Amino acid sequence: MADKIGVYVCHCGSNIADAVDVEGVARFAATLRGVAVSRHDSFMCSQPGQELIEADLRELGLTGVVVAACSPQLHEPTFRRACGRAGLNPYLMEMANIREQCSWVTLDPAAATEKAKALVAGAVHRVACQQPLEPHRVPIHPRTLVVGGGIAGIQAALELADAGYPVTLVEREPSIGGHMAQLDKTFPTLDCSACILTPKMMAVGQHPNIQLLSYSEVEGSSGYVGNFVVRIRRKARYVAEDKCTGCEICQQKCPVWVEDKVFEAGLGFRKAIYSPFAQAVPNTPVIDRENCVYFERGKCKACEIFCPAGAIVWDQEDEVLDIEVGNIILATGYRLFDPRRIPQYGYSRLENVFTSLEFERMCNAAGPTAGRIVLRDGMTRPQRVAIVHCVGSRDRNYNAYCSDVCCMYSLKFAHLVHERLPEAEVYNFYIDIRSSRKGYEEFYHRLLDEGTHFIRGKVARISDVPETPEEEDRLIVEAEDTLIGRQRRLPVDMVILSCGLEPQADVRQVARRFGISCSQNGFFIERHPKLDPVATTTDGVFIAGACQGPQDIQSAVAQGAAAAARVAGLISRGEVQLEPVLATVDEAACSGCEECLLTCPYSAIELRPDRDKAHVIAALCKGCGVCAAACLPKAISLSHYTDEQLVAQAKGLLNV
Amino acid sequence: MSEVAPVRDTSENDGCEPAIIGFLCNWCSYRGADLAGTARLKYPASLRVVRVPCSGRVAPELVLRVFQEGADGVLVLGCHIGECHYHEGNHRMVRRMQLLQRLLGYAGIEPERLRWDYVSAAEGERFARIVSEFSETVRGLPPIKSRLRSDDTREVWQASRPESQDGSWRTVNVADARDYAVRGKEDARWPALHEAVAEALADHAGVLALRSAHGDVAPHLFQSRDELHELALWPKYPLPAIVRRLQDSQPEGRLAVVCRACEERGLVEMAKHRQVDWARLTLIGLACSAEEVEACRCAQPAPFHAGVVVGEPTPGVAADRVLAALPETSEDRLAFWLSWVQRCIKCYACRNACPQCFCHACALEDELWVERGRLPPPYPVFHLIKAIHMAGKCVACRECEIACPAEIPITVLYRMVSQDVEELFGYHTGTDLEVLPPTLLKLEQDVET
């Protein structure tokens, strides 16, 4: 059958037409072999634009369609659907990307037009070789894996569980809660963080649809949307969860005090058997093997002796679970920037320089100082407090990005100091105050009214070397006050470093485990930054909260809920359509050399023992085409990316 | 292909924009390219993109074909190592492109015309920079169409043989290797060979060796002692291919085969690719004589796997003259090869004689890769597809070159590829049954790039 190809060139308003002679491209396309009709339209993606294609398909009986417009990442589904509606197999449509990869990136209109012609010719040649394909449908497993039990993960898990879908929530630490559980107040409303978080934590712990696996980590993931299998390691707690009543007697009796570097940010202590905080969910403690006297010396067992429930299990071992899930939501959160990387700020050398998380714990009534703001000695109240913004953020030496939350939590810190130490002076050193959301600017004005000093300047150094009697025994903050244009040395008693948010240390391994990408900063990349912020380029894997980028609690909650909504939408559909891009073997050409079998990353190729020929297991094939490239006699071909199609496209691209 | 007149003729105009084909991975680089567009970054219009699901989809044949079609440069972009959507497709891509790039260099096509790199979905700027740099590089090279234009075959064929001086740089001394005078009983190794074969006959269904008959030699499956007086040692004959056919036709029996070191290496590679059944095979090694080693300029003439070795192993001839013989510049190398390959009559003797060309279908016969009805066959696709297929397979038996009626020194390319496989991947072709084929090896660098 002779090719009857329709070519549709889009102006995209002026986005394409400004740089590319769209009409010229359409005229050129009409001269290409097999092209029956060539048109241009101001917006091909509009209803009339799509109807243009549909009408031609019905009236002219086209055998293929080329749409020269934006990136196929955006409108390929639109035009495939349009073709489908008019009876053409959607895989007989090919897009030429003349916007993102042509009109927007080329200065010279003549060169852009030539390139657009080449791209169209490539697509026309390619579409002539394309084959009709049917997407295959697979059922979706209703269970969802949520990785990370911070506020974003909690919200996502609750939304799905409340909608009636089963959820497995995996948390690395002994309790869910994440960073939010460590905070004292939340800006700008000054809600008690624990008071608004713990009801949600309880709801997770008690929800019949949520399987909570704390003190656990995901070790691997395989499969694809609708049908993932994840491997989860439940670390040994040495406490039987089904027996423990959470009475905490073990924690009282344990003789070993350990500095709590995680929950108390190094300010407080915990026991070797511990539950990180009073409202922990689950409230089953864990034994820290590293510090337990029994594990170290074989003696003690105080916890076991006093446990009324007999819940201590010394020979408990890590348990590895393989769980089937249909979708995955990653809410792995952030870690605080380590200010020791900025030696001139003196953190860890100057004892009264604190990190923001330390200060949070200090302000917390349940924290190590019972909410009293004191110096490192545990008793002296500071008279002058400096809060240094943008530590590790907005600084090309560390992280160029803005960490989003530091301005607001710094304002909150200033307020807390005013509230608890009315005599104290508070100095905020800032670059800009970023308070752009609901109620934030008002909060900033409240602080101005409370008498906080705002000094616009990036702190150069924090030292303890006095130059005047006033500076004796104090920390000196050096900065240029850019509003008055003067260098300042400000003696203070306490410095709080408002550290930025960074990706978790193992973020790249996690990304690799789930087949998604990280930006250069290390935050997970969303499918589209504006329009698809919680999806990733891997179907069935979603992201929520600070692992996607620095954000505050309400954004994390919104993203958690958004990710859950996306997943719920997929589950309720019941099945998912997969691209029919699969490898197939031409048995006559196959010599059974096994090269493909060894190269396949999914073990999707087996050797048929009766015939000594390679055979692709369709359910396992992901369509990467590595086998097709490895096969010397070219007995393997990858549908929709056949050698013939790629060579045809290249010929079209080159012979303009 | 298109019906319109070319708007740009690369052969005439040195100042014009080069034509670059980019194979971009759908998950990272293609999105990175889109991001460059969204950010309105500007880069040269010379790049034309082919979207592929994974950079590992890009077969070397595809790159060669695109050069043949007139691309001045080929850019292959994939995910960063450790971030491949398909786990390790980009490892495969890098392995293949490393080899292909070096091969292009030996073949007289500037290796700078091929570049591979990593661009993530977030790296629009990096994408634009790579394209600009690469365009700049390629712009500095002459258009490939003018380079690959070939002159009339017959004239070249009739012109004097383009061999430089004495041809001592060849990997094989064709004249000596083609000494077809049969050597049998008069050879010093004959009695020992006779004894070894006779012994093997006792517990094997047959012994494959050479038999002299009617003043010529042919491979023969010896099955009784009565025939053994006809055992021959020379001329060399590609026996491994016959082992494969014999084993196919006799799915049960156990065979012995008399093999030289190169044939032994060939059998190892064939066994790895499941073309011969190593478990049903006994090797009777035949150490090549000093004279034979010299004829083949063989570097490793001593059998390694055979339990019995007939004859005294002779030290190999160091074949370090090969690269020295290749001209220095790409231009001269291309001229060198063009002058040779224009003698090619596309008889496929090189392929047919090759024990490693066991495929049931051949890319060299596929119109998609090699244009039909054209003599000499198009350079570089025809000769370089064969050469890249030899990576990790060429066992330096020289059967191809001995068989070539045009005496094209094609093994020079294969030898260079084998050397690269050793250098880049530590792979010694034909020596170890257990090691995976070289292009399957993963890159050592991990995660952080």
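1. Basis of the model. The model is predicted: local features need pLDDT of at least 70 and side-chain atom pairs count only at pLDDT 80 or more, while totals for chains, interfaces and linings use all residues. Residues are numbered from 1 along each chain as its sequence is written, chains are lettered from A and ligands numbered from 1 in the order in which they are written, and side-chain values use heavy atoms, with hydrogens and water left out.

2. Overall make-up of chain A. Chain A holds 18 helices and 34 strands. Both are DSSP runs numbered from the N terminus, helices being H or I of at least four residues and strands E of at least two. The C-alpha trace of chain A spans about 90 × 70 × 40 Å along its principal axes. Of the 656 residues in chain A, 59% are buried. Buried stands for under 20% relative accessible area, exposed for over 50%, and partly exposed for what lies in between, using a 1.4 Å probe and protein chains only.

3. Among contacts in chain A with a separation of 6 or more, 68% are between residues 24 or more positions apart; a contact is a pair of heavy atoms within 4.5 Å. The accessible surface of chain A is about 26,300 Å², and 49% of this belongs to carbon and sulfur atoms. Areas come from the Shrake-Rupley method with a 1.4 Å probe, and for residues only the protein chains shown count as cover. There are 68 positive and 81 negative side chains in chain A, with the centres of the two sets 1 Å apart. Lys and Arg count as positive and Asp and Glu as negative, whereas His and the chain ends are not counted. Each charge is placed at NZ of Lys, CZ of Arg, CG of Asp or CD of Glu.

4. The sheet containing β6. Five strands of chain A form an open sheet in the order β10-β7-β6-β18-β29, with parallel pairing. Two strands pair if DSSP finds at least two bridges between them. At the edges are β10 (210–213) and β29 (541–543) of chain A, each pairing on one side only. The twist from one strand to the next averages 20°. Within chain A, β6 (residues 144–147) and β7 (residues 167–170) run parallel and are joined by four bridges. A:Thr144 stands opposite A:Val167 of β7(A).

5. The helix across that sheet. In chain A, helix α6 (residues 151–162) lies across β6, β7, β10 and β18 (327–330), and runs at about 165° to β7(A). Axes are lines fitted to C-alpha atoms, for helices over the stretch in contact, and angles run from 0 to 180 degrees between N-to-C directions.

6. The sheet containing β21. A second open sheet of five strands in chain A has the order β20-β27-β21-β22-β23, again with parallel pairing. β20 (353–355) and β23 (453–456) of chain A each have a single partner strand, so one side of each is left without a neighbour in the sheet. Neighbouring strands here are turned by 25° against each other on average, direction ignored. Five bridges link β21(A) to β27 (residues 494–499) of chain A, and the two run parallel. A:Val391 has A:Cys499 in β27(A) as its bridge partner.

7. Two residues with positive phi. A:Cys390 lies in strand β21 (residues 384–391) of chain A. Phi of A:Cys390 is near 55°, a positive value in a residue other than glycine. A:Cys390 is buried because its relative accessible area is 7%. A:Lys301 also has phi near 55°, but sits in the loop between α9 (293–297) and α10 (302–306) of chain A. At 29% relative accessibility, A:Lys301 is partly exposed.

8. A:His415 belongs to helix α12 (residues 406–420) of chain A and counts as buried because its relative accessibility is 5%. Beyond its neighbours within four places in sequence, A:His415 contacts A:Leu190, A:Phe443, A:Arg446, A:Leu447 and A:Glu450. A:His141 is in the loop between β5 (136–139) and β6 of chain A and is partly exposed, at 24%. Leaving out residues up to four places away in sequence, A:His141 touches A:Gly226, A:Glu324, A:Val325 and A:Gly326.

9. Cis peptide bonds in chain B. The bond joining B:Leu375 and B:Pro376 is cis, with omega about -10°. The bond from B:Tyr379 to B:Pro380 is cis as well, with omega near 15°. B:Pro376 is in the loop between α14 (349–353) and α15 (381–389) of chain B, and B:Pro380 is in the loop between α14 and α15 of chain B.
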